[in-house]
Amino acid sequence: MIPICISCSVDTDTLLLLEGDPDLELTQQIEGLYGSLSALRLPPSDAYSEIPADPGNPITREKVALGQLLFHETALGTAPVSPEGYQTYSCASCHHAAAQFQSGMLQGIGEGGSGFGHQGEARGISENYTPEMLDVQPIRSPTVLNTAYQEVMLWNGQFGALGINAGTEVQWTEGTPKEKNTLGFSGVETQAIAGLGVHRLHLDSQWLQEYPQYQALFDQAFPDIPEAERYTDLNAGLAIAAFERTVLSNQAPFQQWLRGDSDAMGEVQKQGALLFFGKARCYECHNGPGLNGMGFHALGMDDFQPGLVFGEVDEATRKGRGGFTGNPEDDYAFKIPTLYNLKGLSFLGHGGSFSSVESVIRYKNEAIPQNPGVPESQLSGAFVPLALSEVEILQLTAFVEEALYDPSMQRYVPTSLPSGQCFPVADPAARTDLGCD
């Protein structure tokens with residue numbers, strides 16, 4: 001078990017250990033790595049021309065407005081396996097603002113869930129569902145945050161027809177969600193389109209008649225698409241993807257510091273940033289405005305543990321990237337996630353095997369693999385001891401937890417939906433938790 005906060009008694013004066021001007025030193029460090037501070041800046045969420053977009057899905061205000069509503073729309077849950085689940089779930093059921101657009105529990109539940117709590121942590125299985133009926137995945141729900149800076153989606157990168165997935169066409173199996181790669185879109189778009197079917201979400205002409213406001217929103221978002229082809233799950237997915245690309249942690253203290261506010265980060269956080277872009281070498285994998293990466297690494301982290309997961313963790317899921325590509329060299333490697341907005345989350349890592357940012361940093365500092373099922377020969381060359389001191393671990397934790405935390409995720413949540421439905425989930429217990437009744 002990874003020890004948590006074993007040195008909370010270290011005093012603040014010891015943590016600072018400042019030498020010279022940390023702002024100047026950090027500026028020089030980042031400029032030496034990237035050429036300028038602007039290389040790490042996230043644009044405003046409404047600066048659509050500055051946000052990376054799929055060439056086939058330009059970001060527009062109208063598309064984002066529609067996508068934000070569809071992302072949260074529980075009325076879109078029209079393809080449940082049980083009538084009880086009808087219109088009780090949404091994309092946001094497992095990617096909601098209360099949990100930084102992740103799930104607030106180890107394994108997110110769409111259809112078949114009951115309750116919510118405050119951060120999604122109290123969501124359980126409905127008494128009339130069996131585990132086989134649930135909409136769950138055998139891996140932790142990844143965040144939507146900063147996905148504009150990801151080329152492919154999911155922990156194994158299976159969604160996305162462009163960039164690093166070029167050459168994987170043989171894996172785009174007909175009749176599976178991966179077939180959606182044949183549409184030719186980037187990862188965010190492909191995942192949003194495929195996700196509607198995977199997660200039992202669907203709209204049709206009858207649905208639009210019931211919620212006519214959405215027809216007008218589709219007309220505004222896709223005016224160049226013939227009406228006969230306009231109101232489809234494909235275009236719903238494209239609108240959702242446009243919205244997801246605007247969900248950026250651009251108000252985090254580090255982002256404010258990058259824009260010139262030297263007081264946005266505290267001194268301990270600045271020392272942590274110096275470690276991040278220096279001795280700890282975090283920047284080698286976590287880079288760019290999203291502090292994520294396009295690569296995949298095997299770090300020996302645990303999968304979901306027996307007894308903590310509905311269903312089974314299949315072999316393809318265990319193998320991560322290799323489970324998708326079929327290349328043994330990719331086995332047990334998982335996509336590099338963004339490091340923004342991890343504070344307060346109880347489950348980190350692809351298998352949710354860490355309970356805090358500090359525990360992940362300690363794990364990487366020691367570089368002793370958790371998972372005995374991952375052969376040593378498969379471990380990433382980047383998984384080596386970091387030789388961080390106790391003080392440095394806490395400084396680095398402060399940077400990741402505090403300086404990379406944008407506290408205003410609610411700005412991406414609509415105040416209400418055209419359907420009038422409760423969201424992000426709408427089963428009876430959740431409606432009570434969320435104050436919808």
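The predicted structure contains 15 salt bridges, a salt bridge being a side-chain nitrogen of Lys or Arg within 4 Å of a carboxyl oxygen of Asp or Glu. Residues are numbered from 1 along each chain as its sequence is written, and side-chain values use heavy atoms, with hydrogens and water left out. In this predicted model, local features need pLDDT of at least 70 and side-chain atom pairs count only at pLDDT 80 or more, whereas totals for chains, interfaces and linings use all residues.

One of these salt bridges joins the side chains of Glu392 and Lys279, with an N to O distance of 2.8 Å. Glu392 belongs to helix H14 (residues 390-403) and Lys279 to the loop between helix H10 (267-276) and strand S3 (296-297), so the pair ties together parts that are 113 residues apart in sequence. Helices (H or I, at least four residues) and strands (E, at least two) are DSSP runs, numbered from the N terminus. Glu392 counts as buried at 16% relative accessibility, while Lys279, with a relative accessible area of 41%, is partly exposed; here buried means under 20% relative accessible area, exposed over 50%, and partly exposed in between (1.4 Å probe, protein chains only).

A salt bridge is also formed by the side chains of Asp303 and Arg318, at 3.2 Å from N to O. This pair links distant parts of the chain, with Asp303 in the loop between S3 and helix H11 (315-318) and Arg318 in helix H11, 15 residues apart. Asp303 is buried at 9% relative accessibility, whereas Arg318 is partly exposed at 30%. In the salt bridge between Asp406 and Arg411, the N to O distance is 2.7 Å; Asp406 is buried, with 0% relative accessibility, and Arg411 is partly exposed, with a relative accessible area of 30%. A network of salt bridges links Asp23, Glu267 and Lys270.

In soluble globular proteins, nonpolar side chains tend to be buried together. In this model, the largest nonpolar core has 101 residues, of which Leu70, Phe254, Phe276, Phe277 and Phe399 touch the most other members. A nonpolar core is a set of buried Ala, Val, Leu, Ile, Met, Phe, Trp, Tyr and Cys residues joined through side-chain atoms within 4.5 Å.

When residues up to four places away in sequence are not counted, Phe399 touches Phe254, Met265, Gln269, Gly272, Ala273, Phe276, Phe277 and Leu404, where contact means heavy atoms within 4.5 Å. Tyr340 lies in the loop between strand S4 (334-335) and helix H13 (357-366) and is buried, with a relative accessible area of 1%. Leaving aside neighbours within four places in sequence, the contacts of Tyr340 include Leu42, Leu145, Phe254, Leu291 and Leu404.

Helix H4 (residues 187-198) and H8 pack at an angle of about 130 degrees, with their axes 8 Å apart. Axes are lines fitted to C-alpha atoms, for helices over the stretch in contact, and angles run from 0 to 180 degrees between N-to-C directions. H4 and H8 are therefore oblique to each other, given that angles under 35 degrees count as roughly parallel, over 145 as roughly antiparallel, 65 to 115 as roughly perpendicular and the rest as oblique. The contact involves residues of H4, among them Val188, Ala192 and Leu196, and residues of H8, among them Leu234, Leu238 and Ala241. H10 and H14 pack at an angle of about 100 degrees, with their axes 7 Å apart, and are therefore roughly perpendicular to each other. Among the residues that make this contact are Phe276 of H10 and both Glu392 and Phe399 of H14.

Some features of the backbone may also be noted. A cis peptide bond, with omega at about 10 degrees, joins Phe423 and Pro424, and Pro424 is found in the loop between H14 and helix H15 (428-433). Leu154, in the loop between strand S2 (124-125) and H4, has a phi near 80 degrees, a positive value in a residue other than glycine. Leu291, in the loop between H10 and S3, likewise has a positive phi, of about 45 degrees, although it is not a glycine. Leu154 is partly exposed, with a relative accessible area of 25%, whereas Leu291 is buried, with a relative accessible area of 0%.
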